[in-house]
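Subject: Handing over a structure, with notes

Dear colleague,

I am passing this structure on to you, and I would be grateful if you kept it open while you read the notes that follow it.

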Amino acid sequence: MTTAHLILMVAAFVFSIGALTFFMKRSAVVALMGVELMLNGVNLILVEAGQLHHNAQGTSLVLFVILVAAAEAALALSIFVILYRKYGTLTLENYRSLKG
């Protein structure tokens, strides 16, 4: 088994753990951590693809994804603070009434 296969298997494992976390947990913060795990799994695949093809496009795209993920996490956490102050909980089921 080559190093590329091992890295792709680790990336798939990290992505699947993130997807399971996102879909199974009821807390908004834990669901956000699941999304971040999924993004990190994709980042591993992009870096490995860039190394495999001997170019820096995968790595540059990873930097952009990290930038967007940081902005998304900051925005989501600020929304969570506002929702916690208003409702007193971060359980996602309580926020279904906020749909348009």
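Helix α2 is followed by histidine 54, a residue whose phi is positive, near 55°. Please keep in mind throughout that this is a predicted model, and that the values below are computed from it.

Which residues of α2 are buried? They are Ala28, Ala31, Leu32, Gly34, Met38, Gly41, Asn43, Glu48 and Gly50, and what covers them includes the helices α1 (3–24) and α3 (57–87).

Two packed helices are described by the angle between their axes and the distance between the axes. For α2 and α3 the angle is about 175°, and the axes are 9 Å apart. Because an angle over 145 degrees counts as roughly antiparallel, α2 is roughly antiparallel to α3. On the α2 side the residues that meet α3 include Leu32, Val35, Leu39, Asn43 and Leu46, while on the α3 side those that meet α2 include Leu61, Val65, Ala69, Ala76 and Phe80. The residues of this contact between α2 and α3 divide into 16 nonpolar, 3 polar and 2 charged.

Turning to the aromatic rings, the count comes to 1 aromatic pair. Phenylalanine 22 and phenylalanine 23 form this pair, which is edge-to-face, with 5.2 Å from centre to centre and 75° between the planes. Phenylalanine 22 counts as partly exposed because its relative accessibility is 34%, whereas phenylalanine 23, at 64%, counts as exposed.

Phenylalanine 64 lies 12 residues from alanine 76 in sequence and 18 Å from alanine 76 in space, C-alpha to C-alpha. Lysine 86 is likewise found in helix α3 and, at 64% relative accessibility, counts as exposed. Between lysine 86 and asparagine 55 there are 31 residues of separation in sequence and 48 Å in space, again C-alpha to C-alpha.

Key: Residues numbered from 1 in each chain as written. Predicted model: local features only at pLDDT ≥ 70, side-chain atom pairs only at ≥ 80, totals over all residues. Heavy atoms only, no water. Buried < 20%, exposed > 50% of the residue type's maximum accessible area, 1.4 Å probe, protein only. Helix = DSSP H or I, 4+ residues; strand = E, 2+ residues; numbered from the N terminus. Contact = heavy atoms within 4.5 Å. Axes fitted to C-alpha atoms, helices over the stretch in contact; angles between N-to-C directions. Parallel < 35°, antiparallel > 145°, perpendicular 65-115°, else oblique. Nonpolar A, V, L, I, M, F, W, Y, C, P; charged D, E, K, R; others polar. Phe/Tyr/Trp six-rings, centres within 6.5 Å; stacked < 30°, edge-to-face > 60°.
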